[in-house]
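Hi everyone, thanks for coming. Today I'd like to walk you through one structure, so please have a look at it with me.

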Amino acid sequence: SMDYKLMFTHVQSQIAGSDWDVWRNGCIYAANMMQHTSSVDWSYGVFYTWSEGYNAAYLDGFYSGRRGAIRNIVEVLDRWKDDPNYANEYQYARVMKAFMFHRMTDLYGDVPYFEAGKATSGIGYPKYDTQEAIYDDLLKELDEVNTALSNPSSNNAIKTSDVIYQGDAGKWRRFADSLMLRLAMRVTKVAPDKAKTWATKALSIGLFANADD
């Protein structure tokens with residue numbers, strides 16, 4: 001009897017940045033390491049001191065515990081995959097998952113991806129996947145989202161539970177394609193031909209046009 005729209009909303013609140021990952025990864029650790037902020041007596045980051053806890057805050061917050069955004073988005077995807085009433089919403093969830101893992105692999109490199117978030121399916125220790133394999137699958141996912149949302153369902157089951165776009169399929173498609181371009185630009189130095197292919201595709205579809213997007 002779970003209303004998975006609530007879980008969808010929770011994931012949206014997490015990908016926007018929580019007190020845990022933004023504060024611990026960003027403000028305490030990375031901002032000090034880059035000298036955006038500094039201190040004479042706070043060692044973490046300021047003096048390039050390693051801290052497993054602060055460094056792992058984003059990973060810990062998304063993979064585990066009561067926050068568990070990856071677990072939640074995988075659960076939502078499993079529930080909505082073959083439900084015609086949530087045809088559009090399934091695509092929105094794919095975009096959110098891609099956004100999360102794009103950030104995750106950019107921060108940490110190789111991370112669990114294909115088996116991540118599937119503890120309820122018996123995978124308690126997901127294997128690590130290469131960053132290249134993750135990027136390739138993220139681009140594939142976003143391409144499939146674009147195809148699906150080029151002719152979206154007329155249903156809008158999510159409505160106000162979608163606190164980002166209120167179920168606007170056109171804006172979700174632009175989000176997916178803008179993210180596709182961002183991913184393509186990330187690999188220009190290691191795979192220029194691949195980057196050109198995906199960037200050209202993203203540009204041909206339609207990107208963010210203004211702040212409303």
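I'll talk about a pair of helices and then about some aromatic rings.

A quick note first: this is a predicted model, where local features need pLDDT of at least 70, side-chain atom pairs count only at pLDDT 80 or more, and totals for chains, interfaces and linings use all residues. Residues are numbered from 1 along each chain as its sequence is written, and side-chain values use heavy atoms, with hydrogens and water left out.

Let's begin with the helices. Two packed helices are described by the angle between their axes and the distance between the axes. Here, the axes of helix 1 (residues 4-15) and helix 6 (residues 87-108) come within 11 Å and cross at roughly 30 degrees. That makes helix 1 roughly parallel to helix 6, a term for angles under 35 degrees.

Who touches whom? From helix 1, Phe8, Val11, Gln12 and Ile15 meet Glu89, Tyr92, Ala93, Met96, Phe99, Met100 and Arg103 of helix 6; contact means heavy atoms within 4.5 Å. By class, this contact has eight nonpolar, one polar and two charged residues.

Now the rings. The whole structure holds 14 aromatic pairs, meaning ring centres within 6.5 Å. One, Tyr165 with Trp172, is edge-to-face, at 5.3 Å centre to centre and 85 degrees between the planes; edge-to-face means over 60 degrees.

Are these two buried or exposed? Tyr165 counts as buried at 9% relative accessibility, and so does Trp172 at 0%, as buried means under 20% relative accessible area with a 1.4 Å probe, protein chains only.

Finally, Phe8, Tyr92, Phe99, Tyr165 and Trp172 are among the members of one aromatic cluster.

Technical notes
Axes are lines fitted to C-alpha atoms, for helices over the stretch in contact, and angles run from 0 to 180 degrees between N-to-C directions. Helices (H or I, at least four residues) and strands (E, at least two) are DSSP runs, numbered from the N terminus. Angles under 35 degrees count as roughly parallel, over 145 as roughly antiparallel, 65 to 115 as roughly perpendicular and the rest as oblique. Ala, Val, Leu, Ile, Met, Phe, Trp, Tyr, Cys and Pro count as nonpolar, Asp, Glu, Lys and Arg as charged, and the others, Gly among them, as polar. Rings of Phe, Tyr and Trp (its six-membered ring) pair if their centres lie within 6.5 Å; planes under 30 degrees apart count as stacked, over 60 as edge-to-face and the rest as tilted. Buried means under 20% relative accessible area, exposed over 50%, partly exposed in between (1.4 Å probe, protein chains only).
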